[in-house]
Amino acid sequence: MRVAFYTLGCKVNQYETEVLSARFAAAGFDVVAGHAPGCDVYVVGSCTVTAEGDRKTRQAVRRFRRENPGAIVVLTGCYPQAFPKEAADIPEADIVTGARNRTALPELVKAFAVDRQRIVSIPAHQSGEAFEACSAADFGVRTRAFLKIQDGCDNWCSYCIIPAARGPVRSKPMAELSAELQALAQNGYREIVLTGINLSNYGREWGLHLSDAVLAAAAVPGIERVRLGSIEPDLLTPQEIYRLAEGCGEKLCPQFHLSLQSGCDATLARMNRHYDTAQYRAVAAAVRDAFPGAALTTDMMVGFAGETPEDHRESLDFAREIGFAKIHAFAYSQRPGTRAAAMPNQVPPAEKKRRCAELIAVAAELRAAALSSMLGSRQPVLFEQRGQQGFTGYTPNYTPVTVFDPAIRPGEIRQVLLTAIAPDGDGCEGILAE
């Protein structure tokens, strides 16, 4: 049978799709790239961070059923796990599973193909559950590989449904992590991106820390770059930061995505974030001290319940103070099932839109300053793909760089002199400087 995957959401979801692809292939399925028409099975990997993610998930399931009436349509991932009854009530899905039993999916599909009896299997998360054994050794033509080392979150931020979807904090055992790193290096991947739902909590159950995983990755021959996914700032202590700097040398990419959400302490408290701006400021300073030239990137939300105009201005001022290299800016949307959805003083949609435009303007201003500061420098660029505008790759601090030179090959790391900001304002152009 031919199987195709359609994945919404984060890098962790994308990694899990690679794991599923390998498991279906091992079970005798023909895995098709993309979601081409005419397949026998369509697997929709859902995202439930926002209500809009749920809507897109339902839309995808119904589209695959409409366009492929005889196919087996599978709905899996975070949405069914967080809202099992709601997901089970989608009649277009033949098989509905959550985030816990992905290993069983190939056999569930085979069982359904025999008797065409609808399957709904969504085991609930349990305290103390183990990290799901999973590995992915091949990401196609990409030069960077993603590696999920942590799952679950117990922060229960007031706006977030993810703890319900992902369950308790748990980590990939070091032996499994080392084996997967070795396999990725043998397959030619030169950059590894460590990902997780709450990555900073890696190893908590064994008295380990995120730095233990990073040092293990940096020690593998053939891996030249290690990059981190999103990090909660309250768990990135100065001790951890300096251990990373001393133990990894130049292998750890100096780009830290420190989740902020708001630069206003009153808003952070209502969000039930586990830090304030003073702690965030100290972490940012420690990172820059340990990693000169590091790029700090973040997520920022406007229009959270109860946010006043003064709170909003305070948040923008904090963003300017930190000097982020890039900000993912978005407006708060009420998420059913969270405490924040029922909070008083919700900000009107038009005001949220206005504030978001202001944040986007600040983000553009900071992005331009960050890129301008890099012009004239020489940077090692890992080239990934060829496009119409030349070869594109990334510096260690994750600045996109385009070079117009036919001698470049994907997977190469070349020294590049950065000469101009790209026309789209989100990267640089350069010339080979070797």
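**Close-up views of a predicted model**

View 1. The barrel is closed by 5 strands, ordered β14-β15-β16-β18-β17, with mixed pairing. From one strand to the next, the twist averages 55 degrees.

**View 2. The open sheet β11-β12-β13.** Three strands with parallel pairing form an open sheet in the order β11-β12-β13. β11 (255-257) and β13 (326-331) are at the edges and have a single partner strand each, so one side of each has no neighbour in the sheet. Ignoring direction, neighbouring strands are turned against each other by 15 degrees on average. Strand β12 (residues 295-302) pairs with β13 in the parallel sense through 6 bridges. In this pairing, Thr297 stands opposite Lys326 of β13. Helix α13 packs on this sheet as well, where it touches β12 and β13. The direction of α13 makes about 175 degrees with that of β13.

**View 3. The largest cavity.** Searching the whole structure gives 2 cavities of 30 Å³ or more. The largest cavity holds about 110 Å³ of space. It is lined by 13 residues, of which Asn13, Thr17, Leu20, Gly45 and Thr76 are the closest to its centre. Two or more lining residues come from each of β1 (2-7), α1 (11-26), β3 (41-46) and β4 (72-77). Helix α1 provides the largest share of this lining, with 4 residues. By class, the lining of the largest cavity comprises 4 nonpolar, 7 polar and 2 charged residues.

**View 4. The second largest cavity.** The space in the second largest cavity is about 30 Å³. Its lining consists of Tyr15, Glu16, Val19, Arg23, Arg102, Glu132 and Cys134. Of these residues, 4 are charged and 3 nonpolar, and no polar residue takes part in the lining.

Methods
Residues are numbered from 1 along each chain as its sequence is written. This is a predicted model: local features need pLDDT of at least 70, side-chain atom pairs count only at pLDDT 80 or more; totals for chains, interfaces and linings use all residues. Side-chain values use heavy atoms; hydrogens and water are left out. Two strands pair if DSSP finds at least two bridges between them. Axes are lines fitted to C-alpha atoms, for helices over the stretch in contact, and angles run from 0 to 180 degrees between N-to-C directions. On a 1 Å grid over the protein atoms alone, a cavity is a set of points where a 1.4 Å probe fits but cannot get out, and a pocket is an open set with protein on both sides within 12 Å along at least five of seven lines; lining residues have an atom within 4 Å of a point. Grid points are joined across faces, edges and corners, and a volume is the space filled by probe spheres set on the points. Ala, Val, Leu, Ile, Met, Phe, Trp, Tyr, Cys and Pro count as nonpolar, Asp, Glu, Lys and Arg as charged, and the others, Gly among them, as polar. Contact means heavy atoms within 4.5 Å.
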